Amino acid sequence: MADFGFNEHHQNEIINYMRFARSQRLLRLKIIDSCFEELKDSRLVEETFTVDEVKEMLDGVHAVVRGEVEMELINTAHTNVVLLRQLFSQAEKFYLRLQSDISELENRELLEQVAEFEKTDFKTTNKTNQETHKPKLAPLNEGGVSELLNKEIARLQEENDKLKSRLRTLESQAMSVLDEKTKAERALKDLQRTQGDQQEISSLENTVAALKEDYERSLSANAATKKDLQENLITAKHELLRVQEQLSLAEKELEKKFQQTAAYRNMKEILTKKNEQIKEIRKRLQKYEPDD
């Protein structure tokens, strides 16, 4: 009986998979056989055929056989992937990391051992050893694997303790850094407050200096304005006197010109006559007035 280095349970699992693969293979072979039988029954009814008819029959059989073989290869690949997925999924539950060597899949020696195993052990295996439920990886109870798992668990536990210790150290350092940060922020706020007071004092000093400069500028401007006003007043007085003098001269000149006109002379004669008449009337009235 061929030995692949597995225990009885795993060897039975291999037998179950090989039986499944053989059943699928036989099914495809039966389909291919039926294709040829159908060709014989439906087309090979005459004694002679032309070249074109032979080519047509061969092309038809070729297409059917090619499709069946391709479907079988694809199905086999997909089936292997599903099986590997089951194995890896169950291995992860026990914290195992399975690795595969693709190059071993073309190892002729191993392939021949598998073929020999299929011819001999596959047929003589007791059917009572087959499991009727869904194939699963049984818990690993072998001493070597258990010891390996215990070591891995111990290593992980030790690593976890180291990480916890490291975490406590980092938390302590973080608290210290946080305290230093708080002190630095408080010192920075005090410094900013002091700088703000200094800036405020400097701003007030600048404001006072600006007000003083504006006041002095105002005083200088007022003095200059007062002097200008005095000068303007004197100039205005002189101009007023000059205008008054010109106006007086103009009135005199106007009166002189008016006296020289005919209207003025006629008016003067009339006024003279009126004055004489008034005097004559007064004399007459004095004769009739009482003595008192």
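Guide: Happy to; we'll go from the overall fold to a few side chains, and keep in mind that this is a predicted model.

Visitor: Okay, what secondary structure does the protein chain have?

Guide: The protein chain has six helices and zero strands. Read from the N terminus, the order of elements is α-α-α-α-α-α.

Visitor: How much of the protein chain counts as buried?

Guide: Of its 292 residues, 7% count as buried. The protein chain exposes about 25500 Å², and carbon and sulfur atoms supply 57% of that area.

Visitor: And what about contacts between residues at least 6 apart in sequence, how many join residues at least 24 apart?

Guide: In the protein chain, 76% of those contacts do.

Visitor: Let's zoom in. Does the end-to-end distance of helix 1 agree or disagree with what its residues should span?

Guide: It agrees: helix 1 covers residues 8-43, and at 1.5 Å a residue its 36 residues should span 52 Å, while the end C-alpha atoms are 52 Å apart.

Visitor: Which residues are buried in helix 1?

Guide: They are Q11, N12, E13, I15, M18, R28, I32, C35 and L39.

Visitor: R28 is on that list. What does the side chain of R28 meet in a salt bridge?

Guide: The side chain of E72 is its partner, with an N to O distance of 3.2 Å. R28 lies in helix 1 and E72 in helix 2, so this pair ties together parts that are 44 residues apart in sequence.

Visitor: Why do R28 and E72 count as buried?

Guide: R28 counts as buried because its relative accessibility is 14%. E72 is buried too, because its relative accessible area is 14%. The cut-off for buried is under 20%.

Visitor: And E68, where is that?

Guide: E68 is in helix 2, and with 15% relative accessibility it counts as buried. The side chains of E68 and R28 are joined by a polar contact of 3.3 Å. Leaving aside residues up to four places away in sequence, E68 touches R28, I31 and I32.

Visitor: How many salt bridges turn up in the whole structure?

Guide: A search finds nine. As a rule, side chains of opposite charge can pair when their charged atoms come close.

Visitor: What about E280 and R284?

Guide: Their side chains also meet in a salt bridge, at 3.8 Å from N to O. Both lie in helix 6 (residues 262-288), four residues apart, which is about one turn of the helix. E280 counts as partly exposed at 39% relative accessibility, whereas R284 is exposed, with a relative accessible area of 52%.

Visitor: And which residues do salt bridges that share partners join into one network?

Guide: That network is made of R28, E68 and E72.

Visitor: New topic: which residues make a nonpolar surface patch?

Guide: L84, L87, F88 and L98 make one of about 310 Å². F88 sits in helix 2, which covers residues 51-93.

Visitor: Is F88 buried or partly exposed?

Guide: F88 is partly exposed, with a relative accessible area of 33%.

Technical notes
Residues numbered from 1 in each chain as written. Predicted model: local features only at pLDDT ≥ 70, side-chain atom pairs only at ≥ 80, totals over all residues. Heavy atoms only, no water. Patch = residues over 30% accessible without salt bridge, like charges linked within 9 Å, V, L, I, M, F, W, Y side chains within 5 Å. Areas by Shrake-Rupley, 256 points an atom, 1.4 Å probe, with all protein chains shown as cover. Salt bridge = Lys/Arg side-chain N within 4 Å of Asp/Glu carboxyl O. Helix = DSSP H or I, 4+ residues; strand = E, 2+ residues; numbered from the N terminus. Buried < 20%, exposed > 50% of the residue type's maximum accessible area, 1.4 Å probe, protein only. Polar contact = N/O pair within 3.5 Å; in protein donor to acceptor, adjacent residues only side chain to side chain. Contact = heavy atoms within 4.5 Å. Expected span 1.5 Å × (residues − 1).
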